Structure formats: structure tokens, C-alpha cells
Amino acid sequence: EEVAIFFDMDSVQETLTELHTAFPKHVMHTFAIKSCPLPALLRFITANGHGMEAASIAELMLAIRCGCPPEKVMFDSPAKTRWEIREALRLGVQINLDNFDELERVTLIRSELESAGVRSTSRVAFRFNPLVGGGTIAELSVSTTKSKFGVPLTDEIKEKLIQCFKRLPFLDGLHVHVGSQGFTLDKLCDGVEVAVKFADEIDERL
């Protein structure tokens, strides 16, 4: 039996416009490719000014092939290989690092690229766990003490990260992900609030 899926592109357009209208112009919105990796849809969203969030190197390459500018591709796989990091840096996409091991790899690979005459334009952010608690779906809650994404923002980690920002000029952003579903807007805003306050603290210390 044949099955067809139809998309209401007027509705998609309306949602994209509402997002752009609701936030300041400098905010970059990204579409999670894994939610619907259809090239036609990705091209449409890209043409309307949205960026792409890639959770794998395959999604990163798909975003580029669908016309998304590299600076609007956000690569935040939680387990990046050295080759994937090198490609991301070479292409100039944004990278969200999941841990200190990845930060060391990026530092080394950036140096190797520069020695070869390649100066990466990638923005690099560090993902931390704001520890704002779980939602109603435990499996999708990633802001508890046992969560799998990012490093927990303890006082010790805070100080370590601040020193990294002081030492590494290319490190210029923070990233949080508290969960996918089963969260109230208040809980999501709590995560953003922790990130903004920590960013302010970093700026004060630099």
C-alpha cells in the first residue's frame, strides 16, 4: 500500500516568520535536521533565513548540500571524531563541544590546520549542564546530575571553564540543552537564565 506525506508549507512559513518576529534580529534559529531530514524541506527553511542544527557529520554535510551557509550550521554531535572536527573547522561551521576532551582535540586540530595554512572561521561553544532538574519524561531529561550531555556546572567546573575562555581566544560561546520533551517553558527558560548569568560572569573575569 502506497503512503504519502504532505507538508503545509504555508504553515511552516508562518511558524518561521513568527520565530523571526518574536526574537531580536541578531538571534539565529536552527532547525534540528534529525526531526525531518528531507532536502526539499531543509532548502525551504534555509531559504527563509533559518540555520541548521546537525547532530551528526552526515547531517552537517546534508545541511551544506541543501544550501545552508556554513556559519549557520551548528554541529553538536556529543561524540565527534577527530576527522569530523577537522571537517567542521575546515568548513567553518559552528561547533558545540560536549566535554573537555573535545576541547583539547579542537585546540590541537586548529593548530594543525593553521600550520597547513588553513585558518578556521568556526565559532566554538562549550556545552554544559545547568542542573535545572528533569521534566515529566525521565528518558528525555538531560539536566540532572546523571545526564549524558555536557559537563555539570559545579563551582569547580565553572572555574575550569573560565580559565579555558581566558586561555583560548577561539572559544566564544556557551550551549545548554535541558531536554527535548516533557518540559515547561519555565524550565527551559531556567536553563537559558543559568547560561546568561554564567556568560556574564565569564565576561567580568576576562
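## Stop 1: two helices in contact

Select Lys158, Glu159, Leu161, Ile162, Gln163, Phe165 and Lys166 in H6; they meet Phe198, Glu201, Ile202 and Arg205 in H7. Contact here is heavy atoms within 4.5 Å. The residues of this contact of H6 with H7 divide into five nonpolar, one polar and five charged.

The model is predicted: local features need pLDDT of at least 70, side-chain atom pairs count only at pLDDT 80 or more, and totals for chains, interfaces and linings use all residues. Residues are numbered from 1 along each chain as its sequence is written, and side-chain values use heavy atoms, with hydrogens and water left out.

Axes are lines fitted to C-alpha atoms, for helices over the stretch in contact, and angles run from 0 to 180 degrees between N-to-C directions. Angles under 35 degrees count as roughly parallel, over 145 as roughly antiparallel, 65 to 115 as roughly perpendicular and the rest as oblique. The crossing of H6 and H7 is right-handed.

## Stop 2

Select H3 (residues 57-65) and H4 (residues 82-91). They pack at an angle of about 20°, with axes 11 Å apart. H3 and H4 are therefore roughly parallel to each other. Their crossing is left-handed. Pick out the residues: Ile57, Leu60 and Met61 in H3 meet Trp83, Glu84, Glu87, Ala88 and Leu91 in H4. By class, this contact of H3 with H4 has six nonpolar, no polar and two charged residues.

## Stop 3

Go to strand E4 (residues 94-97). Gln94 and Asn96 point one way, Ile95 and Leu97 the other, and all are buried. Buried means under 20% relative accessible area, exposed over 50%, partly exposed in between (1.4 Å probe, protein chains only). In a regular strand the side chains alternate between the two faces of the sheet.

E3 and E4 pair in the parallel sense over two bridges. Pairing needs at least two DSSP bridges between two strands. Phe75 stands opposite Ile95 in E4.

What surrounds Asn96 beyond its neighbours within four places in sequence? Asn96 is in contact with Met74, Phe75, Asp76, Lys80, Glu102, Ala125 and His175. Its relative accessible area is 5%.

## Stop 2: strands E1 and E2

Select strand E2 (residues 51-54). Both faces are covered: Gly51 and Glu53 on one side and Met52 and Ala54 on the other are all buried. Strand E1 (residues 30-32) pairs with E2 in the parallel sense over three bridges. Thr30 has Gly51 as its bridge partner in E2.

Zoom to Phe31 in strand E1. The C-alpha atoms of Phe31 and Met52 are separated by 4.8 Å, though the residues are 21 apart along the chain.

## Stop 3: the whole chain

Zoom out. The protein chain has seven helices and seven strands. Helices (H or I, at least four residues) and strands (E, at least two) are DSSP runs, numbered from the N terminus. Of the 206 residues, 39% count as buried.

Terms used:
A crossing is left-handed if the near helix is turned anticlockwise from the far one by less than a right angle, and right-handed if clockwise. Ala, Val, Leu, Ile, Met, Phe, Trp, Tyr, Cys and Pro count as nonpolar, Asp, Glu, Lys and Arg as charged, and the others, Gly among them, as polar.
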